[in-house]
Amino acid sequence: MQPLDARIPGPALMGIVNVTPDSFSDGGLHLDPAVAVAHGLRLAAEGAAIVDVGGESTRPGSEGVDLDEELRRVVDVVRGIRAASDVPISIDTSKAAVAEAALAAGATMVNDVTAGRADPRILDVARDAEADLCLMHMLGEPRTMQDDPRYDDVVAEVGAFLRERVEAAVARGVDPGRICVDPGIGFGKTVDHNLALIAAGDELARAAGCPLVVGLSRKRFLGALIGDPERDRTTASVVAGVAALGRGAWMLRVHDVAPHRDALRVLQAVAGSGTMPA
Ligand code: PMM
């Protein structure tokens, strides 16, 4: 299989469809499957290269959701998007059974914020379905991850973790050309940890040996950076996302596809207009 970033060339956008009552920025907005499907289709029309459907909130402090409820939230949404569009669909879950059902309903990628640690069978499910796989770093678990996270060297430790999880997936038979990694911005990280990871995208991608996804859209550290936790974070998200792309990210996981698409168009136009040295 051609590597992911040859099939979906970067810079690319993953549009977020949270089918949850409690995600940190859009919880409750898309609980109705028809609304969630329409939202996913709109993100695809706006320029998302892939839409990421999730039924379990991973915001700091959150408890998990049980299997039946998660299945009930996501499977119809995946099926509905697939019925109307060929857009690649990712399923944001840590449960093998949810991944399996979503892949059967038309999803093409498994996005696991535990990188196959919560339910290792998810790696077998991705392998058997010949799905793409996104492996994310998290320190601890959502319930406790923001309680004083510490690292000696956050970039080296996250890079080593991602490499180890890629090796674990490959050892279970997942095609390396189907794997991407994600440093897990906000998952057991301080503001400084997040900034160091965004700045070190090239190093992380090199350590893991595969394309790098970065999800920073609307996250809490941006509220801290702009000095007001209540202010809209769209501009901060776009600027931080552009910075991440300049530092080695291949794909951004975003809530607001349209402003990111505009930013990418402008960036590419500027890059393309430079005169080449003789
Ligand atoms: N962030 C959230 C959920 N899933 N998946 C990946 N790969 N990377 C992320 O940064 C990530 C994720 C939490 O944010 P949300 O509530 O806006 O979905």
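**Exercise 1. Determine which residues of the largest nonpolar core touch the most other members.**

Solution. The model is predicted; local features require pLDDT of at least 70 and side-chain atom pairs pLDDT 80 or more, while totals for chains, interfaces and linings use all residues. Residues are numbered from 1 along each chain as its sequence is written, and side-chain values use heavy atoms, without hydrogens and water.

Step 1. A nonpolar core is a set of buried Ala, Val, Leu, Ile, Met, Phe, Trp, Tyr and Cys residues joined through side-chain atoms within 4.5 Å; buried means under 20% relative accessible area (1.4 Å probe, protein chains only).

Step 2. Among the 66 residues of the largest such core, V53 and L135 touch the most other members. Helix α6 (residues 154-171) supplies the largest share of this core, 7 residues.

Step 3. Leaving aside residues up to four places away in sequence, V53 touches several residues, including V17, V74, I81 and I91; contact means heavy atoms within 4.5 Å.

**Exercise 2. Identify the buried residues of helix α11 and what covers them.**

Solution. Step 1. The buried residues of α11 are V257, A258, H260, A263 and L264.

Step 2. Their cover includes β1 (12-18), α2 (33-46), α10 (234-246) and β8 (251-254). Helices (H or I, at least four residues) and strands (E, at least two) are DSSP runs, numbered from the N terminus.

**Exercise 3. Find the distances from polar side-chain atoms of D182, K219 and H255 to the ligand.**

Solution. Step 1. For D182, the distance to a ligand nitrogen atom is 2.7 Å.

Step 2. K219 lies 2.7 Å from a ligand oxygen atom through a polar side-chain atom, and for H255 the distance to a ligand oxygen atom is 2.7 Å.

Terms used
Buried means under 20% relative accessible area, exposed over 50%, partly exposed in between (1.4 Å probe, protein chains only). A polar contact is a pair of N or O atoms within 3.5 Å; within protein, one must be able to donate a hydrogen and the other to accept it, and residues adjacent in sequence count only if both atoms are side-chain atoms.
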